[in-house]
Amino acid sequence: METLSSNACFGGVQHVIKHASPACDCDMTFGLFLPAEAQEGPVPVLWFLSGLTCTHENAMVKAGAQAWAAEQGIALVFPDTSPRGDGVADDEAFDLGKGAGFYVDATQDPWAAHFAMWTYVSDELPALLAEHFPLDMDRQSITGHSMGGHGALTLAMSLPGRFRSVSAFAPIANPTESDWGEKQFTAYLGEDRSTWQAHDATLLMAEKGFDGPVLIDQGTDDQFLHLLMPEALSAAMAKRRQQGIFRMQPGYDHSYFFISTFMEDHVTFHAEALWSA
C-alpha cells in the first residue's frame, strides 16, 4: 500500500491510499477517515459508495460526512467506483466503463479482465482494511449515492449479517427496468437477464429484504428521477413491511448539495445501529 495523502480532519485523519488489487488486476485508490477514537482502539465503519463518473474523492470532499462521523466516533471508507489505468477497458459514454463499475463482477469481454467491483468491495477491500487499520469489522454499515446507492442496497441485502444498517441517497432502485441498468448489465453480465436479478434492489427487497433498518432519501426535483425509479423500491418495501424510512425531499435534485443537506441524518441513523449492543 502507498499512502498518497493524510490530512488532519475534525480531530481525526483523512487518508487517501493506493494499493494493488488482485480482484481488479490494477491499482485501486480509496479514502479512509479515522476519527480520534481510532488512536485508542478499533472503531465502527461506515462505507460510502459513490455514483456514476465519481472517484473515491467526490464524497470524501463534498458530502461533509467527516464532521458527523467524528462526532459519532466512526470511520468512513470511500472506495473508487471502478478500476482505473491505461490497460483498463473504457467507453466514450459517461455511464459505462471507468467511473461506472455498477458494483458488479463483469463476465463479458472486454470488461471481465478488470471490472470486479463486487468482489473488490465485498471481499478484497474489507480484508485489507481489517488487516491494516484499527477498525471494528463486526460493526459495519453502508450507504451510497445513485449508482452507489444501488450498490449499497444490493450488497446489504446479499450479505446478511454483514451490515447493521443501510441507507441510500437517490439510488438507482430498479436497474433491470431502467436505461441505467439495462445498458450496463447487458455489457457487463451479458444478455441473460436472470443474471441481473441479484443486482436489483427492488427485486432483492421483494425476495429477501434487509435484516436491519433502511433509510432512503430521494429529491423530488431530481433530474434523473425517471431513471432511478424510486416508486418501485418504495412499493417493494411497503409490501414486505420492511423496517425502514423512505423520504421524498421536496425541491432537492441529484447533486451533492442534496447529499450534504441530509448527511447528518444518515450518519446519525447508522451510528445508532453501529453502537447498539
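Predicted model: local features only at pLDDT ≥ 70, side-chain atom pairs only at ≥ 80, totals over all residues.
View A. S50 touches T55, A59, T81, Y103, H145, M147, G148 and Y256, leaving out residues up to four places away in sequence. Two of these partners, M147 and G148, sit in a stretch assigned to helix α4 (147–158). Y256 belongs to helix α9 (residues 256–274). S50 itself is in the loop between β4 and α1 (57–62). Is S50 buried or exposed? S50 counts as buried, because its relative accessibility is 1% and the cut-off for buried is under 20%.

**View B. T53, in the loop between β4 and α1.** The loop that holds S50 also holds T53. The phi angle of T53 is near 75 degrees. That is a positive value in a residue other than glycine.

**View C. S21 in strand β2.** Strand β2 covers residues 12–21, and S21 lies in that strand. S21 is buried, with a relative accessible area of 4%. Which residues does S21 contact, leaving aside its neighbours within four places in sequence? They are C26, M28, Y120 and E124. C26 and M28 fall within β3 (26–34). Y120 and E124 are buried residues of α3. The side chain of S21 also has a polar atom 3.0 Å from the backbone nitrogen of C24.

**View D. The bend in helix α3.** Helix α3 runs over residues 117–132. At E124 the helix bends by about 30 degrees. A proline, P126, follows within four residues. E124 is also one of the residues in contact with S21.

**View E. The buried residues of α3.** M117, W118, Y120, V121, S122, E124, L125, P126, L128 and L129 are buried in this helix. What do the buried residues of α3 pack against? Their partners include the strands β2, β3 (26–34), β4 (43–49), β5 (75–78) and β6 (135–144). Helix α4 (147–158) is another partner.

**View F. Helix α3 against helix α4.** Two packed helices are described by the angle between their axes and the distance between the axes. Here the axes of α3 and α4 come within 12 Å. They cross at roughly 55 degrees. The two helices are therefore oblique to each other. α3 passes α4 in a right-handed crossing. W118, V121 and S122 make the contact from α3. T154, L155 and S158 make it from α4. An α-helix has 3.6 residues a turn, so residues three or four places apart point the same way.

**View G. Helix α2 against helix α9.** Helix α2 covers residues 65–72, and helix α9 covers residues 256–274. Their axes are 9 Å apart, and the packing angle is about 30 degrees. How are α2 and α9 oriented to each other? They are roughly parallel, because angles under 35 degrees count as such. The crossing of α2 past α9 is right-handed. A65, W68, A69 and Q72 are the α2 residues that meet α9. On the α9 side, the residues are M263, E264, V267, T268 and A271.

**View H. The peptide bond between D109 and P110.** A cis peptide bond joins these two residues. Its omega is about 0 degrees. P110 lies in the loop between β5 and α3.

**View I. F10, in the loop between β1 (2–9) and β2.** What is the phi of F10? The value is near 50 degrees. It is positive, in a residue other than glycine. F10 counts as exposed, because its relative accessibility is 55% and exposed means over 50%.

Notes:
Residues numbered from 1 in each chain as written. Heavy atoms only, no water. Buried < 20%, exposed > 50% of the residue type's maximum accessible area, 1.4 Å probe, protein only. Polar contact = N/O pair within 3.5 Å; in protein donor to acceptor, adjacent residues only side chain to side chain. Contact = heavy atoms within 4.5 Å. Bend = angle between axes of the 7 residues up to and from the residue. Axes fitted to C-alpha atoms, helices over the stretch in contact; angles between N-to-C directions. Parallel < 35°, antiparallel > 145°, perpendicular 65-115°, else oblique. Left-handed = near helix turned anticlockwise from the far one by under 90°.
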